[in-house]
Amino acid sequence: MDQTAERPLRIGALAERTGTTTHLLRVWEERYQLLSPHRSASGYRLYGPEDERRVRDMVALRSQGVAAAQAADRVLQGALARARPASLEHLREDLMVAFAAYDDAGAHEVVDRAISGHAMEQVIDRLFFPVLRHLGDAWEAGTITVAQEHYASGMIRGRMLAMAPGQHAGLHAGATGPSAVLACTAHERHDIGLLALNLLLRRNGWRVTFLGADTPVVDAVTMADDLPADVLVLCGTEPYMYAAQLEQHDIALRTRRRTVRLALGGRAASAELAAEHGAELLPLDPGEAAAQLEAARVSRGH
């Protein structure tokens, strides 16, 4: 359907668009409750895109010889199915198909359906992360290129950024809880896990300053001190580079404000590194990491 299909239509316009008659549409509406118009301020009955979709489906079934009552029942059952949230497992398959076809519009439509029918943490945990893991495995197996992996992960990252309340309208956008500075250390480009933590903390009312990828440790410490933040989270995925960055800036880490807790996260973080730098170790899973920080927040009376 073209863009005009998104505008409400009066019954005559709907009949013209669908190749039917106003009399037939009224019969289908009154006898089978096929259509669900709303009234304009001036009292006209207006029909939307879903009504047009139902009429076209009805016309198609009738042209195949399906009886009117049976056709209406099938159309309404299809409308109910569309109204129910699709499972994230099915949407995961649809998203992979869209990525394989470089179908931007299709990929965004899948994500829109996921967000409209499921809680944010479910979309992250059961759609975005499984798809990202699949992409990583496919890249390691040589079945997709680096460019293909970057294309898909870049789209997911963009949607996650857009999901953060106040991410672009202001640093803290009405939040009143404790503050956190989140950063990946220098030379670390993989920040999607940290971005997920950002979303989950914001949902819980935290004031999050998300610095993202490739952030010098000393700059992150300075930011945490200046705010001042309640916690500074430093993440990394490459063990040698991550340990080297922490070691290089150990003095800055140890001379930060005493009120700023230090937390280490990501695949490169370890209990040994946390102990060495006087930090707490966050779980690899962003949901569990957010829960740990939230538990500490409650215990401190924030």
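Predicted model: local features only at pLDDT ≥ 70, side-chain atom pairs only at ≥ 80, totals over all residues.
Residues are numbered from 1 along each chain as its sequence is written, and side-chain values use heavy atoms, with hydrogens and water left out.

The strands and helices named here are DSSP runs numbered from the N terminus, with at least two residues (E) for a strand and at least four (H or I) for a helix.

| Partner of β3 | Sense | Bridges | Residue pair |
|---|---|---|---|
| β5 (residues 231–235) | parallel | 5 bridges | V181 and L232 |

Together with helix α9 (residues 192–203), β3 and β4 make a right-handed β-α-β unit, right-handed meaning that, with the strands pointing away from the viewer, the path from the first strand over the helix to the second runs clockwise.

Strand β3 is largely enclosed by the rest of the structure, because 7 of its 7 residues are buried, that is, under 20% relative accessible area with a 1.4 Å probe and protein chains only. S179, V181, A183 and T185 point one way from the strand, whereas A180, L182 and C184 point the other way, and all are buried.

L182 also belongs to the largest nonpolar core, which has 50 residues and in which L127, F128, L182, L197, L201 and V233 touch the most other members; such a core is a set of buried Ala, Val, Leu, Ile, Met, Phe, Trp, Tyr and Cys residues joined through side-chain atoms within 4.5 Å. Helix α7 (residues 120–141) supplies the largest share of this core, 10 residues, and at least three residues come from each of domain 2 (88–163) and domain 3 (179–299). Leaving aside residues up to four places away in sequence, L201 touches A180, L182, W206, V208, A290 and L293, contact meaning heavy atoms within 4.5 Å. Another core, of 20 residues, lies apart from the largest one and has A220, V221, L232 and L234 among its members.

The protein is divided into domain 1 (11–83), domain 2 (88–163) and domain 3 (179–299), with bounds from an automatic or database domain assignment. The centres of domain 1 and domain 2, taken over C-alpha atoms, are separated by 34 Å.

How values were computed
Pairing = 2+ DSSP bridges.
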